[in-house]
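Subject: Structure for you to look at, with notes

Dear colleague,

I am handing over the structure below, together with some notes on what was found in it. Please read the notes with the sequence and the model open beside them.

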Amino acid sequence: MPLLLRLIDDQKSLLGLVTKMPNKPLQAVSITSPGYFGLNNQDSGVGMNTSFAITTYNSVIDRFGRIGTRKGWEYKTTSGGTDTDIQALLEFNNSDNTYTILSAGNEAIYTGEATLTALPVRDATDSSDLTYTITENNWQMIQGEFESGLTRSPHAFLAQEDHALLVYHKLGATAHAHTGSFGLQRLGDIGNVPNGYTTSSFTPNCILASYGRLWAANIGADNLTVYYSVLLENTDFTGLGSGYINLEQVVPGGDEVVALAEHNNFLVIFCRNNIVIYRNANDIDNLVLEDVIVGEGCIARDSVQNIGTDLIYLSEAGIRSLGRTIQEKSSPVRDLTKNIRDTIISLVSAETPAKIRSVYSQKEAFYLLNLPTVNFTICVDLRVFLEDASARVTFWDSINPKAMFSTHDNRLLLGQTDGIAEYKGYLDNGNRYTFTYYTPYIDFGDSSVTKMLKKIVVTIVGGGAAGIDIKWALDYNTNYTTGNFSITDRPNSEYNEGEYAIAEYSSSVFIEQLKQQMTGSGNIVQIGVEALINGKALSIQKLDIYSVVGRTI
């Protein structure tokens, strides 16, 4: 065969071999229910379970296990609320199937929700207003009952440091006549303060209405004594059956009472560095010291919430659960926020403890802790706990409620600059806000192999009229490449705020796949989704990331 023909045949054979060589297959990583485990910025990013989020803002874990946007808020107050800066809230049960909202802000105390009306403090005979100077808005507001049966009358008690304890009840010309309208009086003007105190000097910073009594503690330098009232006469601290608990021989010196709580017939006294638990709190004559948890305390009075099955509170090391400790003395205190431990310690260290607020919402199944100075709200999901007994946690950075309260009809009320708001809808007072979610660092099972990114598919549920950015970066680079999407607007009724009150995959729930071509190569990739929320809920159902495996390093 001539040499030229032979060379041509050899080239054809080589070309045939090239064209028949298979392309390298796409390698896929799928993250189903992204963020299901909540936020984790405590552990190493590489190798972390991809069900965690390494960053997330303005998000919750919905009841289907998907990370999605929190709700927004809208004002309920339409009059009298300008610049009130509400920092304390209580829904007061009037005992006649009606309710009154009490609130505090701007160095005043208010009644009402749509219209805020400032309340004066009345004198002992309800004949004139007293000069009562309020210098802070860190009130603890609780409700208790006076007497029982036909003479039963609802009372609210308001306490804060360096302020005479106040009582909100039906006024009268004589103490406890309870014939007039509701109003404020000092406890000492209608009852009896503990021996050694006067009406103006009885200034407890923490109170509890439980087991038929009012309990009060942390009165200036007298910060290790808990006083309790006469049974069913919670304004009488000197009569038969009243008394006090001295903790000076129970906890090491230098401690102080921060908060009081009740749980399963236990009286729980939270000190700053210790927790003291008494049994038989409903029978004062048989009150018994049950346990002292040394070295574990509560640093913020208003962080304590009774969720029915447990007590949750803020310690120096994070948000903790006490119920397990009461039931199993050998078990350590349950650390709900261990996956964000260093972050929460840093945030709390910059906060004023007296300003910290919390709430438990049974409807939303979460515990919220707000840190107003640093403008962070920590959302602790209580539906499901992780294998290590910690909770699924997310952060909010653009809502900052100064007070929170869950009402009898499961509304979540928030204290805001111009009055009282409600947690609802998907706008913040008419304004859009940003939902953020970033995955852990993903190595496709082998961090030594280079991956050439090809495509990502983000499956979302709901949404509408929201701009969505899909971001990615390689090898810990913080310069993200971004793909932009705009979601077609959809009617509100097709993805309502009642936690998808329709079937999860019915025809009226919108599920959409956002497909984005990707560029770049590296060993480790991180994916982010940022959505501008504009009145509609949004959750992420699944992430599918496709790459081609390159050379091994």
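I begin with a pair of charged residues, Asp-302 and Arg-357, which are both buried (buried means under 20% relative accessible area, exposed over 50%, and partly exposed in between, with a 1.4 Å probe and protein chains only). Their side chains meet in a salt bridge, with N to O at 3.3 Å, where a salt bridge is a side-chain nitrogen of Lys or Arg within 4 Å of a carboxyl oxygen of Asp or Glu. Asp-302 lies in the loop between strand 24 (288-294) and strand 25 (305-306), whereas Arg-357 belongs to strand 29 (residues 357-361), so the pair ties together parts that are 55 residues apart in sequence. Helices (H or I, at least four residues) and strands (E, at least two) are DSSP runs, numbered from the N terminus.

Before going further, please keep in mind that this is a predicted model, in which local features need pLDDT of at least 70 and side-chain atom pairs count only at pLDDT 80 or more, while totals for chains, interfaces and linings use all residues. Residues are numbered from 1 along each chain as its sequence is written, and side-chain values use heavy atoms, with hydrogens and water left out.

Asp-302 also forms a salt bridge with Arg-301, at 2.9 Å from N to O. The relative accessible area of Asp-302 is 14%, and that of Arg-301 is 10%, which places Arg-301 among the buried residues as well. Over the whole structure, the search finds 25 salt bridges. Elsewhere, Lys-76, Glu-113, Asp-409, Arg-411 and Glu-422 are linked in a network of salt bridges, and within this group the closest N and O atoms of Asp-409 and Arg-411 are 3.5 Å apart. Asp-409 itself counts as partly exposed, at 42% relative accessibility.

Turning to helix 4 (residues 341-349), its buried residues are Ile-344, Leu-347 and Val-348. Seen down the helix axis, they fall within an arc of 95°, so they line one face of helix 4; the arc is that of the directions from the helix axis to the C-beta atoms. Their cover includes strand 26 (311-315), strand 27 (318-321), strand 30 (366-371), strand 31 (376-385) and strand 32 (391-396).

Two of these covering elements, strand 26 and strand 27, run antiparallel and are joined by four bridges, two strands being paired if DSSP finds at least two bridges between them. A hairpin of two residues connects strand 26 to strand 27, and Ile-312 has Ser-321 of strand 27 as its bridge partner. Strand 27 is also joined by two bridges to strand 28 (residues 334-335), again antiparallel, with Arg-320 opposite Asp-335 of strand 28.

As for the cysteines, how many disulfides does the structure hold? There are zero, a disulfide being a pair of cysteine sulfur atoms within 2.5 Å. The sulfur of Cys-298 has its closest cysteine sulfur in Cys-206, 9.7 Å away, which is too far for a bond. Cys-298 is buried at 0% relative accessibility, and Cys-379 is buried at 3%.

Finally, the protein chain has four helices and 43 strands, and 55% of its 553 residues count as buried. Among contacts (heavy atoms within 4.5 Å) between residues at least 6 apart in sequence, 61% join residues at least 24 apart.
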